[in-house]
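Hi there,

Here is the structure I promised to pass on to you. Have a look at it first, and then read my notes below.

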Amino acid sequence: MIDISVSGVVKEFEVGKKILDGLTFQVDSGERVGLLGPNGCGKTTLLRILTGVVHPDEGEVVIAPNRRLGLISQIPVYPAGHTVEDVLRSAFRRLEGLAKEMEALAARLTMNGAEGLVMESEEDFKTFLEQNRQYWDYVDDALLERMRGVARIKFYVTDDEVGKAQMTQALAGVKNPVSTAPVKEEDWASGWQKYYQPMPVGEKVYIVPEWERGKPVPDGRTAVYLNPGLTFGTGSHASTQLCLTLLEKHLQPRDGVLDLGCGSGILSIAALCLGAKSAIAVDIDPKAVDVAYENAALNGIGRDRYTVRAGNVLADRALAAELAQKRYHLVLANIVADVIIPLAPPVPGLLEEDGVFLCSGIIDARAHEVEAALKQAGLTVTQKREKNGWAALEAVRSTP
């Protein structure tokens, strides 16, 4: 008997795609398959996937406890005369064998003196995405394709006689295929700077990399200086631009601003540059605190006007209570739908009577979910803007 659970099975509807999770079944000998799950949860879809009728990229099979077989494309087309159990057991054996082979190879390389081993596999990458899915709604197709079928171990040596000797020693007794690639030595701390240039956003903001300071700023625009190499939030992403455009529309001098999920601090720092009285920024990543303060300092903004905290406002009651001691004219959240939705209920209590909630980082296909959550929380969506497949919403407290 094999216990099976399924995640990531996609079922098509007229309104879009639905991810089917939590479906489980048991495979016994012969062709008897016990499927567990409510009506419409995807039992038929799963069986069609296993028999090779549905496109293989529509699902992923997980054998308890959490041993992923990966995309169904790794399971051969359902062969005549074989049961579902045969197909699953065969795929599981291949996966288990690959894991043991990687471990044995890593042990051999380590024993031979190789250091700094990097183990990469499609399964680890997909597990990472699944375990951190709250931080993104979309993963670039090119990245997914680059990791498809990957199972490799990498290490680095210098491109000289010493490095060649180290590699020869490390590969002694290794029978697996080996490939090498030169890594160009350059100053990575500055080589990427050529890709960042000053950028106008909306009608007022002008995002300027710190090394471009001193160059003319267009009339009517306010410069916001940033170090793009520090963390997420350079101003180049559509979601950030949407939020900045709405921010400059609503911001009034002397306003108070709360920036939830601040990243580099770009939104709250831009608000201060445009005349906000004060701003509080929060991010779940502790590194964001120093980054946001550093970017604020580039703009002459001190801690008397700007406070940055690290923490999870959804889980940390003390932090949430601290933020709720004040009311803000603008509350900003450029995160993802899966965070904005549970974040919606406390937002009305954070807003001044005429305050505005601006949220972005939402894939356009999920905007309706966020709108529904805001409405349920007592907010009225007054505007929606879209750009390059991303959406931003403007909302105010609903009137009785």
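Contact here means heavy atoms within 4.5 Å. This is a predicted model, where local features need pLDDT of at least 70 and side-chain atom pairs count only at pLDDT 80 or more, while totals for chains, interfaces and linings use all residues. Residues are numbered from 1 along each chain as its sequence is written, and side-chain values use heavy atoms, leaving out hydrogens and water.

Let's begin with Glu248, which sits in helix α7 (residues 238-250); helices (H or I, at least four residues) and strands (E, at least two) are DSSP runs numbered from the N terminus. Not counting residues up to four places away in sequence, Glu248 touches Val201, Gly202, Glu203, Lys204, Val205 and Leu274. Glu248 is buried, meaning under 20% relative accessible area with a 1.4 Å probe, protein chains only. Yet Glu248 has no salt bridge (a side-chain nitrogen of Lys or Arg within 4 Å of a carboxyl oxygen of Asp or Glu). Arg221, the nearest side chain of opposite charge, is 5.6 Å away.

Now the sheet. It is open, with 3 strands in the order β10-β11-β12 and mixed pairing; two strands pair if DSSP finds at least two bridges between them. The edge strands, β10 (199-201) and β12 (222-226), each pair on one side only. β10 and β11 (residues 205-209) run antiparallel and are joined by 3 bridges, with Pro200 opposite Tyr206 in β11.

Finally, helix α8 (residues 266-273) is largely enclosed by the rest of the structure, because 7 of its 8 residues are buried. After α8 comes Gly275, with a positive phi near 120 degrees.

Enjoy exploring!

Terms used: Buried < 20%, exposed > 50% of the residue type's maximum accessible area, 1.4 Å probe, protein only. Lys, Arg positive; Asp, Glu negative; His and termini not counted.
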